[in-house]
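Subject: Structure handover

Hello,

Here is the structure for your review. My notes follow below it.

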Amino acid sequence: VQSGKTFVISLSLIEYTKRVYENDPNTKYNGAIVGWDLTTLKGNVADVIDNFMNELGYIKGKDYDLKYGTSDKYFEFLNIKYYFFGFNTKLSFNKILGKPLLFVWIDESARIYSNSTLQQSFDEFPGRQLSYVGHPYKRTIHSFNVEGNENHPYKKIYIDGKQDAIHFKFFPTDNPQIDSIDKVHKTIEIYPPGSLRKQKIFNKWVVAEGKVFNQ
């Protein structure tokens, strides 16, 4: 929780776009940045990307576009246009259909997959990238916090089952603002002892307290 995942991925997205452009500047590509809903996605991702672009000296409207209006929600830089999508209803995936995607970033992926009604649509995401099988810059990123126990369907399918994926584990104490032993202790104490602390601070897939079974 608040370990810097979004910070790292947002900055990497900018660098990634530059690499894609250097590799093939004449082709236009689409990407998708997906979150639980459009409101949280704006604050958690879109605004972070916008801040990075400003800090790096890029000018909105000239070097890049970032729209988050009623109809248009996208970040366009060089030759990639990243569309923002919420994914908290069964109809969410319909808005993504039809677009071949070189890049997909699903934020809060484990939380989305916790909803059984969204799992089938979630599993269809690889089909949006079929056009780019073999492309050197085809990428899929999932970012998430621990949401359940060892038998959580997301863990079994997308963590344990994806042996070819690269896994990064972030702890709250990786946040550069937590820069002293005292702050580390206070961070750990934010959650009371028990399953929530194990999940959100130590990344343990454990059973929520109050249940009478362990599987």
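Strands E3 (residues 73-77) and E4 run antiparallel and are joined by four bridges. Please keep in mind that this is a predicted model. Within this pair, phenylalanine 75 has tyrosine 82 of E4 as its bridge partner. The two strands make a hairpin, with two residues between them. Leucine 78 sits in that turn, and its phi is positive, at about 55°.

E4 itself covers residues 80-86. Six of its seven residues are buried, so the rest of the structure largely encloses it. E4 also pairs with E1, this time in parallel, through seven bridges. There, alanine 32 is placed opposite tyrosine 83 of E4.

From E1 the pairing carries on to E5. E1 spans residues 29-35, and its pairing with E5 is parallel, over four bridges. Glycine 31 faces phenylalanine 103 of E5 across this pairing. E5 is in turn joined to E6 (residues 139-143) by five bridges, and these two strands run parallel as well. Isoleucine 106 has histidine 142 in E6 as its bridge partner.

How many residues of E5 are buried? Five of the five, across residues 103-107, so this strand is largely enclosed by the rest of the structure. In a regular strand, side chains alternate between the two faces of the sheet. Both faces of E5 are covered. Phe103, Trp105 and Asp107 are buried on one side. Val104 and Ile106 are buried on the other.

Two residues deserve a separate look.

Tryptophan 105 is part of strand E5. Its relative accessible area is 0%, and buried means under 20%, so it counts as buried. What does tryptophan 105 touch, beyond residues up to four places away in sequence? The list is Thr6, Ile9, Ser10, Ala32, Ile33, Val34, Val45, Ile141 and Ser143. A distance for reference: tryptophan 105 and alanine 165 lie 60 residues apart in sequence, and their C-alpha atoms are 14 Å apart in space.

Serine 109 belongs to helix H3, which covers residues 109-114. Is serine 109 buried or exposed? Buried, because its relative accessibility is 0%. With neighbours within four places in sequence left aside, serine 109 contacts Phe122, His142, Ser143, Phe144 and Tyr154.

Now the whole chain. The protein chain has seven helices and six strands. Read from the N terminus, the order of elements is α-β-α-β-β-β-β-α-α-β-α-α-α. The radius of gyration is 18 Å, close to the 17 Å that the globule rule gives for 215 residues, so the chain is as compact as a globular protein of that length. Along the principal axes, the C-alpha atoms fill a box of roughly 55 × 40 × 35 Å.

- Burial: 39% of the 215 residues count as buried.
- Contacts: among those with a separation of 6 or more, 71% are between residues 24 or more positions apart.
- Surface: the chain exposes about 12300 Å², and carbon and sulfur atoms supply 51% of that area.
- Charge: there are 28 positive and 24 negative side chains, and the centres of the two sets lie 3 Å apart.

Best regards

How values were computed:
Residues numbered from 1 in each chain as written. Predicted model: local features only at pLDDT ≥ 70, side-chain atom pairs only at ≥ 80, totals over all residues. Heavy atoms only, no water. Buried < 20%, exposed > 50% of the residue type's maximum accessible area, 1.4 Å probe, protein only. Contact = heavy atoms within 4.5 Å. Rg over C-alpha atoms; globule rule 2.2 N^0.38 Å. Areas by Shrake-Rupley, 256 points an atom, 1.4 Å probe, with all protein chains shown as cover. Lys, Arg positive; Asp, Glu negative; His and termini not counted. Charge placed at Lys NZ, Arg CZ, Asp CG, Glu CD. Pairing = 2+ DSSP bridges.
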